[in-house]
Protein chains: 2
Amino acid sequence: MNSLPSLKALLFELQKLPGVGPRSAQRLAEYLMKTSKKDVSALSEALADLRDRVKKCARCFNFTEDREICSICDDTTRSSEILCVVEQPFDIFKVENCGAFKGYYHVLHGVISPLNNIHPEHLTLSELKTRVERNSVKELILAIDSDLDGDTTALYILKMMQSNPIQISRLAHGIPIGGNLEYINDKTLSQAIERRSYL
Amino acid sequence: MNSLPSLKALLFELQKLPGVGPRSAQRLAEYLMKTSKKDVSALSEALADLRDRVKKCARCFNFTEDREICSICDDTTRSSEILCVVEQPFDIFKVENCGAFKGYYHVLHGVISPLNNIHPEHLTLSELKTRVERNSVKELILAIDSDLDGDTTALYILKMMQSNPIQISRLAHGIPIGGNLEYINDKTLSQAIERRSYL
């Protein structure tokens, strides 16, 4: 392998990616040696472009390209009274696709996770507070996962906003549409029964 | 997403990689936006270098960098009477690491797999035949996986070499050292009993 410095360097860099170990790095390298040279160049260029062009929006911390403010914050037809708080920029695309939300967003870039050494100051929580106070926001929808870290973060936001007269909501829990009762966990099912909707 | 052409391009290129779907492409992009810019550049450069510098050895089809012949084929201290036939270049590193083989190699770059439309002419089989005939090779060790496609390829090589007076062997099957009997499949166990070694 020492006679192949370029291959060795690639394997080393690939193994830094999440979920890529020595074996999958080898499989990727095998694929990259087999596929068209054009595809490998395209991937290399896409990577080179990414960090030069894609930045965080100065207002909501969503991804934005070649501009200070993202296309959603730039859209003046939205309601500024309601903010949807998400963990990651890709969550925005998900919410946008469902079409049920027409306010602005705020990306935390993670959740509070003491075990992983992620504390409130590592997230965009103070920026959220400033935004809420300056822009007379009336409701925060927390579209945060409902696991231990997500719940901790939701509680933190609730306490942080205590002095502000705003509503804070979380996404409803229940059976996914098209979901099968058999595969639903007990906690979700008991919530779905508790919050049943009358016909 | 349309306002983020660079990110879109990267997701598109990432999804061409084996085992990378839309969700893992997003996870990789999230990681690449979070990690140091230096790491992303290093990965981009390693990819750009790969296909410019790493080629296939003209003799054994192993990977070689900036030279026609790989470092193993260039090593004149090895025995030219014995060839180890492997599927992929990375298999060579594996065999080299165990230290039990001191001949040369031949990389097939795959196995015969009619279901995947891989036929003998797609592999380096005719080059193997020429090599055996020109270099008075005395033994071929087939270090090929023992699945359906591997067995087909081994049989093909056996038939192809019928007119040549050489020995053809395959790697021994049996219990891996340190392996647990409980997890060994029946076929391996029956081979291990059949070919047991007397103490």
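Predicted model: local features only at pLDDT ≥ 70, side-chain atom pairs only at ≥ 80, totals over all residues.
Mentor: Residues are numbered from 1 along each chain as its sequence is written, chains are lettered from A in the order in which they are written, and side-chain values use heavy atoms, without hydrogens and water.

Trainee: How many helices and strands does chain A have, and what makes a run count as one?

Mentor: Helices are DSSP runs of H or I with at least four residues, and strands are runs of E with at least two. Chain A has seven helices and six strands, in the order α-α-α-β-β-β-α-β-α-β-α-β-α from the N terminus.

Trainee: Why is chain A called more spread out than a compact globule?

Mentor: The globule rule is 2.2 Å times the number of residues to the power 0.38, and the radius of gyration is taken over C-alpha atoms. For 199 residues the rule gives 16 Å, whereas chain A has 22 Å, well over that value, so chain A is more spread out than a compact globule.

Trainee: Which residues of helix α1 of chain A are buried, and why are they said to line one face?

Mentor: Buried means under 20% relative accessible area (1.4 Å probe, protein chains only). In α1(A), residues 5-14, the buried residues are A:Ser6, A:Leu7, A:Leu10, A:Leu11, A:Glu13 and A:Leu14. The arc is that of the directions from the helix axis to the C-beta atoms; these residues fall within 165°, so they line one face of the helix.

Trainee: What covers them?

Mentor: By contact (heavy atoms within 4.5 Å), the cover includes α2 (22-34) of chain A and, from chain B, α3 (37-53), β1 (54-56), β2 (63-65) and α4 (89-98).

Note on methods: Buried < 20%, exposed > 50% of the residue type's maximum accessible area, 1.4 Å probe, protein only.
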